[in-house]
Amino acid sequence: MSIVAEAPGFIQVFSDGSVKRFAPETAAASLISTGGYESKDVTIDSSKPITARIFRPDDHVSEMPVLVYFHGGGFCIGSTAWLGYHVFLGNLAATAKIIVLSVDYRMAPENKLPTAYEDCYYALEWLGASKADPWLRHADISRVFLCGDSAGGNIAHHVTIKAIKNKIHGVTVKGLVPIHPFFGSERRTELELAEGSGSEVSMNDMFWRLSLPEGTDRDFYGCNFEKAEAEWSLFPAVLVFVSGLDFLKERGVMYAEFMKKKGVNEVKLIEAEGEVHVFHVWFPESEGTFLLQKQIIDFIRSL
């Protein structure tokens, strides 16, 4: 049995189809306040399974906006229990005075796309189902924001498209916040063709090979945002984050420009200079992360 795909320290895929994942430090949910927030794990659909972690501020008030978060990891790794996500989202809930629903969806290569899109959309339906959990009784589901990093930013984009099309009763998506979104295409960009980009391109290609449906390529609508069909004029406000030292910055800028060309009413792009890909996960209490949180909070309060 040999390794056929590997991201060292994160995932190994073997020739018999088995998968081994290596998680960084994790954090358990806690009903006891830590840092101004409480958290608990919930089951959205036990048959798949789809689970989530809810964060709420200690001083929860009525009618709090809801931020639904989708973790990154190339559709193949990641969890809301990773310490970086837990700290970042808990701090965001406490500071913004919002409820955060962080979703754990089924991952590739065992469950290829569009499974992640379907699971995360189902989580949004669950949110709208008469406030499915007692912790959501203070939630204002007419003010929902979809957010995610890397592959999670990609997922947030596609869940928004489906939510616009299907119109979930009671749920209004007011804003979309992709952080360092993971997109691609068969056509290489200038950066991807540049000398010295080989290792980054190979790693991204590997995650796409593991996650894309059999028989498709990087022009699959889930990878190439230009191939997706949507009612662009109905899109909510979009705030795209990119990082100056992130190899995916180029694709993130292209995504923001594409959304503007499609007639999305409000599209804003913010670059964190000198920061790496998903820095808020690796350094959840850094100066850069606190600035990111403030920018997200300002966006939520503006809508």
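Me: What makes a residue count as buried in this predicted model?

Reply: A residue is called buried when its relative accessible area is under 20%. In helix α8, the residues G288, T289, L292, Q293, I296, I297, F299 and I300 are buried, so each of them falls under that 20% cut-off.

Me: What covers the buried residues of α8?

Reply: The cover includes the strands β6, β8, β9 and β10 (237-243), together with the helices α1 (83-96) and α7 (279-282); contact means heavy atoms within 4.5 Å.

Me: How do you know that the span of α8 is close to the expected one?

Reply: Helix α8 (residues 287-301) has 15 residues and reaches 21 Å from its first C-alpha to its last. The expected span is 1.5 Å times one less than the number of residues, which for α8 comes to 21 Å, and the helix is therefore close to what is expected.

Me: Why is one side of β4 and of β11 left without a neighbour in the sheet?

Reply: Eight strands form an open sheet of mixed pairing, in the order β4-β5-β7-β6-β8-β9-β10-β11. Because β4 (37-45) and β11 (267-272) stand at the edges, each has a single partner strand, and one side of each has no neighbour in the sheet.

Me: What makes β6 and β7 a pair?

Reply: Two strands pair if at least two bridges are found between them; five bridges join β6 (residues 64-70) to β7 (residues 99-104), so the two strands, which run parallel, meet that condition. The bridge partner of Y69 in β7 is S102.

Methods. Residues numbered from 1 in each chain as written. Predicted model: local features only at pLDDT ≥ 70, side-chain atom pairs only at ≥ 80, totals over all residues. Heavy atoms only, no water. Helix = DSSP H or I, 4+ residues; strand = E, 2+ residues; numbered from the N terminus. Buried < 20%, exposed > 50% of the residue type's maximum accessible area, 1.4 Å probe, protein only.
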